[in-house]
Amino acid sequence: MPLIRRSTAAVAAVTALLVVTASACGSSEDKASSESTSPTAAGQQGDNGIKLPEGVPTSLDDLKKWKEGGWKDWDKWARDASDFANPVIKNFWQPSRMSKAKDSPNTLSSQSAGESQAATDPEPPAVPAKQVSRPYHQNMAPVGKVFFDSPEGPMVCSGTVVEDPAHPGKSNLVWTAGHCVHSGKKGGWMRNIVFVPSYNDDGLTAAKAETAAQREVTPYGVWWADWSQTSSQWIDTGGKTGNVGSAYDFAVLHVKPENSGGKSLQETVGAAVPVWFGAPSANKVSSIGAYGYPAAPPYDGAKMFNCTSRPGRLSFAPTTPTMYRIGCSMTGGTSGGGWFVNRGGKTVLVSNSSISSNEHTWLAGPHLGADAKGVFNAMSKKFAGRG
């Protein structure tokens, strides 16, 4: 049984394995929607009292320049963990702009996939992805799309609402990939990062989703990241192709609604999943499921898909954690999408999509150990007294 939204306050019992797909992010022309109204800024200081780094806009005119570009010296003024800034721009992410966000594949040649490491298993056979039943909020309520801007234009990833121990039943945390929020070794934080749960809930075609009413593609609203945290290893070593940084390619977002409301993200969508840190290694797991919104051909980013497969191991170095790898045909756009297993009758998140093969026959995701738990705990504690 999939995750079902029965009310805004409770999560339905889940007895079957949740499946989730993954791959990479996306880019396209950086044009504002012709149907958008004039954007307005909110919370440049953030509701957290965080001082924004030099270069972040403080006026409406500057905001307009910010949203359309202005990436000069981006890797210097917005690189460090403390430099994250993501002021809300209302009416910015509308359906037509969302539809322009394309994938920016984070791939790895099959021939170079840890071939010298004993902890790497043979490449798995491809597993065709399947469409998730609709409406999504009745089947995969915690899953959605992560939109953001990069120097190459608007991009897209996938993400999952996860439980927050500091706010039981009222989580505002989203799990995704590190490369969906920060470019890694060469670059800095992405901009205009938002999460859209149950994107395109009824599975409209890409053409119809582009011109649809806002509520049809964002049934639970647009949620802006007011803080993001990824691993120091990803910031120091991550790149556009798979490498040792991929083993640390995870991130947590704390989000708030674009249009203020009293309910948390978890209450709004009616579901969240716990994260299992220190889950068994791949050779001890019988099945993993992955969900997401693939955007590169033959997919178009409009619909949610999933894969289920027995995982194998992928290693880049003896000193880095061994990643999970599954056969899956998912393409770019599903990076950050959660990987799930059934733990004692409950669906839990154990990884996220990080990289895929150039041929899109498999996906790999990090094993969430002590480093991932540290990132998560830091985010949870940061907002423990707030919300």
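Predicted model: local features only at pLDDT ≥ 70, side-chain atom pairs only at ≥ 80, totals over all residues.

Biologist: Which residue lies over the face of tryptophan 71?

Modeller: That's arginine 191, at 3.9 Å from the ring centre.

Biologist: OK, zooming out. Which strands make up the closed barrel?

Modeller: Six strands, running β7-β8-β9-β12-β11-β10, with antiparallel pairing. On average, neighbouring strands of this sheet are turned by 40° against each other, ignoring direction.

Biologist: And which helix packs on that sheet?

Modeller: Helix α8, residues 370-382. It touches β8, β9, β11 and β12, and its direction makes about 135° with that of β11.

Biologist: Let's go strand by strand, then. How many bridges join β11 to β12?

Modeller: Seven, and the two strands run antiparallel; β11 covers residues 223-230.

Biologist: What about β9 and its pairing with β12?

Modeller: β9 and β12 (residues 251-257) pair in the antiparallel sense over four bridges. Valine 174 has leucine 253 in β12 as its bridge partner.

Biologist: How many bridges are there between β8 and β9?

Modeller: Three, again in the antiparallel sense. Valine 174 turns up here too, as the bridge partner of valine 161.

Biologist: Which way do the side chains of β9 point?

Modeller: Leu173 and Trp175 point one way, Val174 and Thr176 the other. In a regular strand the side chains alternate between the two faces of the sheet. In β9, residues 173-176, all four of these are buried.

Biologist: Tell me about Trp175. Where does it sit in the core?

Modeller: It is among the residues with the most contacts inside the largest nonpolar core, along with Phe147 and Ile193. That core has 77 residues. Strand β8, residues 153-162, gives the most to this core, with five residues.

Biologist: What does phenylalanine 147 touch?

Modeller: Leaving out residues up to four places away in sequence, its contacts include Trp93, Met98, Met155, Ile193 and Tyr199. Phe147 is also in an aromatic cluster with Phe92, Trp93, Tyr136, Tyr199 and Tyr293.

Biologist: How many aromatic pairs does a search of the whole structure find?

Modeller: It finds 13. In one of them, tryptophan 175 pairs with phenylalanine 277: the geometry is tilted, 6.1 Å centre to centre with 55° between the planes. This pair links distant parts of the chain, 102 residues apart, with tryptophan 175 in strand β9 and phenylalanine 277 in the loop between α7 (265-269) and β13 (288-292).

Biologist: Are those two buried or exposed?

Modeller: Tryptophan 175 has 0% relative accessibility, so it counts as buried. Phenylalanine 277 is buried as well, with a relative accessible area of 18%. Tryptophan 175 also pairs with phenylalanine 376: the ring centres are 6.3 Å apart and the planes at 40°, so that pair is tilted. There the link spans 201 residues, from strand β9 to phenylalanine 376 in helix α8. Phenylalanine 376 is buried, and so is tryptophan 175.

Biologist: New topic. Which strands form the open sheet?

Modeller: Five of them, in the order β6-β14-β13-β17-β18, with antiparallel pairing.

Biologist: Why is one side of β6 and of β18 left without a neighbour in the sheet?

Modeller: Because β6 (130-131) and β18 (346-352) stand at the edges, each with a single partner strand. β18 pairs with β17 (residues 338-343) in the antiparallel sense, over six bridges. Valine 341 stands opposite valine 348 in β18, if you want a pair to look at.

Biologist: Last one: alanine 317. Where does it lie, and is it buried or exposed?

Modeller: Alanine 317 lies in the loop between β15 (312-314) and β16 (323-327). Its relative accessibility is 12%, so it counts as buried. The C-alpha atoms of alanine 317 and alanine 247 are separated by 9.7 Å, while the two residues are 70 apart along the chain.

Definitions and conventions: Residues numbered from 1 in each chain as written. Heavy atoms only, no water. Core = buried A, V, L, I, M, F, W, Y, C linked by side-chain atoms within 4.5 Å. Buried < 20%, exposed > 50% of the residue type's maximum accessible area, 1.4 Å probe, protein only. Contact = heavy atoms within 4.5 Å. Pairing = 2+ DSSP bridges. Axes fitted to C-alpha atoms, helices over the stretch in contact; angles between N-to-C directions. Phe/Tyr/Trp six-rings, centres within 6.5 Å; stacked < 30°, edge-to-face > 60°. Lys NZ or Arg CZ within 6 Å of the ring centre and 35° of its normal.
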